[in-house]
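This briefing is meant for a reader who is meeting the structure for the first time. Please look over the sequence and the model first, and then follow the points below, which are grouped by topic.

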Amino acid sequence: MYPFMNSGGHIAVLLAPAEREVLRAVPILLRNRSADPGDPAWARLRAVGHLDDPDAADRFGDLTAGMLESALTGDRDRLEETLEDDLLDPADAECWLRAIGEARLKVAARLGIEEDGWEGEAVEAELVEITVLRMLGFLQESLVAVLSERI
Amino acid sequence: MAAVIPGRDVTIAPDRIDRPEVRETFEVDRGWQVVVWNDPVNLMSYVVFVFRRLFGHSLEEATRLMLAVHHEGRAVVAHGPLEKAEADCHRLHHHGLWATLERL
């Protein structure tokens with residue numbers, strides 16, 4: 001069964017219990033984001049706009065870091081507030097999409113995933129985090145499918 | 001050219017004006033481009049969706065750009081003045097894509 005379906009002006013949420021349980025962990029995972037430069041997840045999610053110009057990169061960071069944090073926090077809050085709903089507004093579904101994506105980036109960074117083709121190696125590792133990464137990927141892909149029908 | 005004052009037999013030499021030694025050059029700002037880089041985590045379908053949603057690309061164009069990112073490591077997805085390019089870059093960061101700016 002598909003976890004999401006378009007239903008008129010809304011998106012019907014048809015999550016299995018295990019899928020909803022994984023989503024409940026997303027806001028908790030993201031809320032614990034640390035500002036530690038030694039944390040690979042922090043480094044991956046930090047916005048660097050200019051690669052070759054440190055001054056411009058600092059200016060861009062000063063300009064956008066607060067806005068980015070606020071926007072990501074807004075996504076996370078909407079996910080948490082609507083997590084038990086059976087119907088989503090498309091705008092809320094996009095908040096889910098981004099929050100799930102941010103969680104995947106964070107888990108992957110902490111697993112040290114830096115190259116394409118990690119999926120094959122990950123199967124052998126059988127880590128819980130890999131299972132979470134795969135489930136979140138399935139849910140994000142399903143949301144992309146229904147939201148793409150609305151473009 | 002010299003000037004002659006009527007009624008007087010006097011000729012006034014023009015002032016000599018030195019050419020300014022400083023030559024100003026102006027660099028034309030041709031704008032900026034927004035580059036999206038490959039990463040191993042974001043789903044291909046999600047990247048296509050983001051390109052369509054943010055930039056209004058067709059499915060075909062968004063897919064072409066996503067494949068360029070995937071196979072070539074990067075693709076230019078937008079361009080314009082610095083303010084617009086930085087706004088686009090910020091929106092891509094909000095969607096979790098690795099984006100940077102380059103001067104054209």
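Predicted model: local features only at pLDDT ≥ 70, side-chain atom pairs only at ≥ 80, totals over all residues.

**Where the two chains meet**

Across the interface of chain B and chain A, the rule finds 2 salt bridges.

**The interface**

- One salt bridge joins the side chains of A:Glu94 and B:Arg53, with a distance of 2.7 Å from N to O.
- Chain A brings 33 residues to the contact, while chain B brings 27 residues.
- Between them, chain B and chain A bury about 2,700 Å², and carbon and sulfur atoms carry 62% of that area.

**The two chains**

- Chain A contains 6 helices and 3 strands, and their order along the sequence is β-β-α-α-α-β-α-α-α.
- Of the 151 residues in chain A, 44% are buried; among contacts in chain A that join residues at least 6 apart in sequence, 68% link residues at least 24 apart.
- Chain B contains 3 helices and 5 strands, and reading along its sequence gives the pattern β-β-β-α-α-β-α-β.
- Of the 104 residues in chain B, 42% are buried; among contacts in chain B with a separation of 6 or more, 65% come from residues 24 or more positions apart.

**Helix H3 of chain B**

- Helix H3 of chain B covers residues 82-94, a run of 13 residues, and the distance from its first C-alpha to its last is 18 Å, close to the 18 Å expected at 1.5 Å a residue.
- The buried residues of this helix are B:Ala85, B:Glu86, B:Asp88, B:Cys89, B:His90, B:Leu92, B:His93 and B:His94.
- In chain A, these buried residues pack against helix H3 (54-82) and helix H4 (90-110); in chain B, they pack against strand E3 (32-37), helix H1 (44-55), strand E4 (74-80) and strand E5 (99-103).
- After H3 of chain B comes B:Gly96, a residue whose phi is positive, near 80°.

**Cysteines**

- B:Cys89, one of the buried residues of H3 in chain B, has a relative accessibility of 0% and therefore counts as buried.
- A:Cys95 also counts as buried, because its relative accessibility is 9%.
- A search of the whole structure, taken over all chains, finds 0 disulfides.

- Although B:Arg30 and B:His79 are 49 residues apart in sequence, the distance between them in space is 9.9 Å, C-alpha to C-alpha.

Definitions and conventions. Residues numbered from 1 in each chain as written. Chains lettered and ligands numbered in written order. Heavy atoms only, no water. Helix = DSSP H or I, 4+ residues; strand = E, 2+ residues; numbered from the N terminus. Expected span 1.5 Å × (residues − 1). Buried < 20%, exposed > 50% of the residue type's maximum accessible area, 1.4 Å probe, protein only. Contact = heavy atoms within 4.5 Å. Disulfide = S-S within 2.5 Å. Buried area = accessible area lost by both parts, 1.4 Å probe. Salt bridge = Lys/Arg side-chain N within 4 Å of Asp/Glu carboxyl O.
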